[in-house]
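Please read each one with the structure open beside it.

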Amino acid sequence: MESVGVAPAPVAVAVAEQKMKLLEPRKEPLASSAAAAAAKAPCKWAMKKKLVGGDAGYVLEDVPHLTDYMPELPTYPNPLQDNPAYSVVKQYFVNTDDTVTQKIVVRKNSARGTHFRRAGPRQRVYFQPDEVNAAIVTCGGLCPGLNTVIRELVCGLYDMYGVTSVVGIEGGYKGFYSRNTVTLTPKSVNDIHKRGGTILGTSRGGHDTAKIVDSLQDRGINQVYIIGGDGTQQGASVIYEEVRRRGLKCAVVGVPKTIDNDIAVIDKSFGFDTAVEEAQRAINAAHVEAESAENGIGVVKLMGRNSGFIAMYATLASRDVDCCLIPESPFYLEGKGGLLEFVERRLKDSGHMVIVVAEGAGQDLIAQSMNFVDTQDASGNKLLLDVGLWLSQKIKDHFKKKTNFPITLKYIDPTYMIRAVRSNASDNVYCTLLAHSALHGAMAGYSGFTVAPVNGRHAYIPFYRITEKQNKVVITDRMWARVLCSTNQPCFLSHEDVENMKHDDDERHHLHNTQLLDGSPAKCSPNCNGSAGAE
Ligand SMILES: Nc1ncnc2c1ncn2[C@@H]1O[C@H](COP(=O)(O)OP(=O)(O)OP(=O)(O)O)[C@@H](O)[C@H]1O
Ligand SMILES: O=P(O)(O)OC[C@H]1O[C@](O)(CO)[C@@H](O)[C@@H]1O
Ligand SMILES: [Mg+2]
């Protein structure tokens, strides 16, 4: 392989000095105001790309390794090779050169494109079992599967690597500097995967990089597993940069969590599958209510701040939904081709209907009609207005004006009920693999990465690739067309809107062909008013 751009360490630190700093108590903490600024501003020591080129347009977007700034770290044989459970496995370890392709659909002459380092156990490790002091933290909103990831990190470290020192940080990032740690053992985490939420607690806001890294240093933590969404991964990225700047032997590992499935590059996030399954119960209830009333309407709000994946997949899975509204697809209420006209038509045709709306849909419309000023949560995320309530009221108001058109509308908001359930079987297995991939990476000395499947294979992905943009439903992809086909709803878009979106999406596809969805932009069907139709 030919190196095309391995960036230098952001801040040069002499090797001898690095060795001295290995788990030494800190001496000069950064001013926390500077760290607080770094938390929200683009990182001062922004991680440079570590790119390796190969034949036929092959590029490896590699992740940092402790030896990037501590080149003389000793290695040890991987204890996994003596583990009886693995004795039947012919190939214990992944090949050090194995990589995972980001682009799965290729043409004869297309360049091989971007690859990520394959996750998995390595022959040599950079930590001895009794040297490891691992910490686990969960940040951001709840998501089914958090406890499973915690459990499998603890059990994996104990059972596969003989590690016996694992602590939990309580209450998210701020817990690093404001709370005591909790000891985690295979016994203490044995049953936690059967519960929703996180046994460690979580929070928004409160990320103070300097204080967090001080805490790592003071507690002698040399592996930190950070489970959370896009905001959390940005926080993990600046923690990694500070750890590296201080020359600490501490692996910083991100495990992506978001019920919204809004994290880019990865196939899907854990808890998403469970959320889609759980949403079926609410949709079913809405359908039963709607069917049993005269002109019955069931409105179900599902989570999805900026990305409508839960609404889209729950709609497709159910087949009882007449209209799915997501943040990526604008809609309007009044007039020809508007939502209210469609509701009226569907009620006349079927006598009932179910509307699924993602919580981030129609926010501009609501803000306009309410003269609303933006507010934010502690992490800086925009607080949303309740689109379900607003929409229900608008529909009721519309039909109140009509004579001889009584409706019965039931609004169901199952959002927090869905988020709080335990993970389903499929997510449990997924969480197990994520946790194992994460700890194999840390033991092998990798740092500053997020672990996740890309095209079905677990990979180590640099933080910047995860945080540079969000995963969104591409409404010019065939998957959204499938939704429109199943609901038979109008697309509420003009031809011009679709063309503009297609152009943006083409550019995006050209840059990163990443989505789980199957690719090429759909053609606009002639019989739909600008709709993205099926082939
Ligand atoms: N740019 C950033 N730099 C440093 N820390 C950040 C940044 N953005 C968010 N954080 C921190 O990450 C934590 C979680 O962020 P946030 O509340 O946005 O949730 P999230 O991880 O995106 O998860 P989700 O949105 O799925 O609930 C918070 O403690 C927040 O302070
Ligand atoms: O937990 P909070 O602060 O109410 O935030 C809710 C948000 O968190 C998410 O569940 C993402 O984790 C979004 O779907 C939702 O908008
Ligand atoms: Mg987020």
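1. For the class counts below, Ala, Val, Leu, Ile, Met, Phe, Trp, Tyr, Cys and Pro are taken as nonpolar, Asp, Glu, Lys and Arg as charged, and the others, Gly among them, as polar. This is a predicted model, in which local features need pLDDT of at least 70 and side-chain atom pairs count only at pLDDT 80 or more, while totals for chains, interfaces and linings use all residues. Residues are numbered from 1 along each chain as its sequence is written, and chains are lettered from A and ligands numbered from 1 in the order in which they are written.

2. On the chain as a whole, there are 16 helices and 18 strands, where helices (H or I, at least four residues) and strands (E, at least two) are DSSP runs numbered from the N terminus. Of the 535 residues, 49% are buried, a residue being buried if 20 or more other C-beta atoms, placed from the backbone, lie within 10 Å of its own, exposed if 12 or fewer do, and partly exposed in between. Among contacts between residues at least 6 apart in sequence, 79% join residues at least 24 apart, with contact meaning that the C-beta atoms, placed from the backbone, lie within 7 Å.

3. The domain assignment, which is of automatic or database origin, gives domain 1 (51–269 + 426–467) and domain 2 (272–371 + 383–421 + 473–499). Their centres, taken over C-alpha atoms, are separated by 37 Å, and 15 residues of domain 1 are in contact with 14 residues of domain 2. On the side of domain 1 that touches domain 2, the residues divide into four nonpolar, seven polar and four charged.

4. The shell around ligand 2 consists of 13 residues, the closest being Gly-141, Ile-259, Asp-260, Met-303 and Arg-305; a residue counts as near if its C-beta atom, placed from the backbone, lies within 6 Å of the molecule or strand in question. By class, this shell has two nonpolar, five polar and six charged residues, and domain 1 and domain 2 each supply at least three residues to it.

5. Ligand 1 is surrounded by 23 residues, and the closest are Gly-140, Gly-141, Gly-229, Gly-231 and Gly-235. The elements that give two or more residues to this shell are helix H2 (32–40) and helix H6 (230–245), and H6 gives the most, with six residues. The shell around ligand 1 divides into four nonpolar, 16 polar and three charged residues.

6. Asp-230 deserves a separate look, since UniProt lists it under "binding site" in an unreviewed entry, although such annotations may be inferred rather than shown by experiment. Asp-230 is found in helix H6 and is buried, because 23 other C-beta atoms lie within 10 Å. Leaving aside neighbours within four places in sequence, Asp-230 is in contact with Thr-258, Asp-262, Ile-263, Thr-467 and Gln-470.

7. Which residues have the most contacts inside the largest nonpolar core? They are Ile-136, Val-253, Ile-310 and Val-356, in a core of 134 residues, defined as a set of buried Ala, Val, Leu, Ile, Met, Phe, Trp, Tyr and Cys residues joined through C-beta atoms within 7 Å. Helix H3 (residues 146–161) contributes the largest share of this core, nine residues. Domain 1 and domain 2 both give residues to this core, so it lies between them.

Technical notes
Two residues are in contact if their C-beta atoms, placed from the backbone, lie within 7 Å.
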